[in-house]
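User: I'm new to reading protein models. Could you walk me through a few features?

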Amino acid sequence: MARGGRRRYDDVDGLLLLNKPSGMTSNRALQTVRRLLNAKKAGHTGSLDPSATGMLPLCFGEATKVCAFLLDADKTYRVTARLGTATSTGDADGGETVATAEVPELSFEEWDEILQGFVGESLQVPPMYSALKKDGKRLYELARKGETVERPPRPIRIDDIALLEAAGTRLVFRVTCSKGTYVRVLVEDIARKAGTVAHTLRLHRETVADFRAEDMIDLAAVEAQAEADREALRAGLLPPDRALLSLAAVVLDAAAGSAFRAGQAVAAPEQGASGLVRVYGPGDEFLGVGELSGDGELAPRRVFKSSEKTP
């Protein structure tokens with residue numbers, strides 16, 4: 001504890017893939033883990049609704065520089081829908097029942113055919129219960145007052161939907177989708193296509209970008225590790241470049257690496273890649289993210305402290 005009773009935080013760098021528990025906001029989850037790590041700087045990527053569970057990448061120190069890249073990442077969810085009942089919020093989290101309807105008796109194959117019709121690019125109207133803003137106010141604030149405003153549709157992309165269960169009023173599927181996709185709206189649209197209504201009963205995010213579901217850690221395990229050995233918990237954090245595996249890698253020599261780290265554009269080694277790339281120096285030292293132009297110039301976009309290259 002610093003003088004005056006103010007807590008003194010440490011420089012902690014790395015990523016932690018939290019399996020967020022239900023009933024906790026994403027920010028509360030972040031602040032809880034931040035205190036356990038005693039980390040000075042922290043941020044999260046891609047908020048989950050309080051009732052939702054699953055992967056919430058938490059970024060600390062230098063790793064906060066990758067937050068913007070993860071916000072744009074594709075995500076995979078396991079979704080459990082309750083057919084026959086629609087709620088004001090589109091989920092089971094405090095929403096009032098606003099409509100009921102009979103559930104058609106469809107076979108597994110018929111439900112699967114309906115789901116496959118949503119694969120591809122489309123336009124989706126965001127829900128009123130969302131954090132999007134209209135005239136400076138959050139839509140959910142207006143919705144709680146009983147107000148409804150026009151929301152322009154936004155482009156989304158569904159890469160894959162796998163039906164897992166279809167029995168009575170229960171529909172379970174796994175969906176891989178682009179950023180900005182509201183699964184609650186997807187569930188409502190699927191039900192409408194089938195001639196009924198529905199809401200999302202449970203939502204579990206399994207993956208973000210290239211992160212694996214098996215690498216998630218429960219909050220209880222984080223708390224236990226922090227109490228037993230905080231340094232070991234810190235040492236187990238993923239390096240920042242682990243979030244950037246979708247980018248091609250460029251390796252610079254010592255002179256070019258020093259110039260890049262100083263914020264200067266450099267000539268990149270000859271290669272076919274262009275656009276954003278991971279940049280490394282001698283000894284697989286992670287230098288940051290650069291943008292490679294067609295003429296071979298590599299301009300710094302994010303410069304990082306030393307880190308080992310991800311295999």
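Analyst: Let's start with exposure: buried means under 20% relative accessible area, exposed means over 50%, and partly exposed is in between (1.4 Å probe, protein chains only). Here R301 counts as partly exposed, at 43% relative accessibility. This is a predicted model, where local features need pLDDT of at least 70 and side-chain atom pairs count only at pLDDT 80 or more, while totals for chains, interfaces and linings use all residues. Residues are numbered from 1 along each chain as its sequence is written, and side-chain values use heavy atoms, with hydrogens and water left out.

User: Which side chain does R301 meet in a salt bridge?

Analyst: A salt bridge puts a side-chain nitrogen of Lys or Arg within 4 Å of a carboxyl oxygen of Asp or Glu. R301 meets E291 that way, at 2.9 Å from N to O. Strands are DSSP runs (E, at least two residues), numbered from the N terminus. R301 lies in strand β18 and E291 in strand β17, so this pair ties together parts ten residues apart in sequence. E291 is partly exposed too, with a relative accessible area of 34%.

User: How many salt bridges does the structure hold?

Analyst: There are 15. D10, E231 and R234 are linked in a network of them.

User: What is the strand order in the open sheet of five strands?

Analyst: Two strands pair if DSSP finds at least two bridges between them. The order is β14-β16-β17-β18-β15, with mixed pairing. β14 and β15 stand at the edges with a single partner strand each, so one side of each has no neighbour in the sheet. Within the sheet, β16 and β17 pair in the antiparallel sense over seven bridges.

Methods. Helix = DSSP H or I, 4+ residues; strand = E, 2+ residues; numbered from the N terminus.
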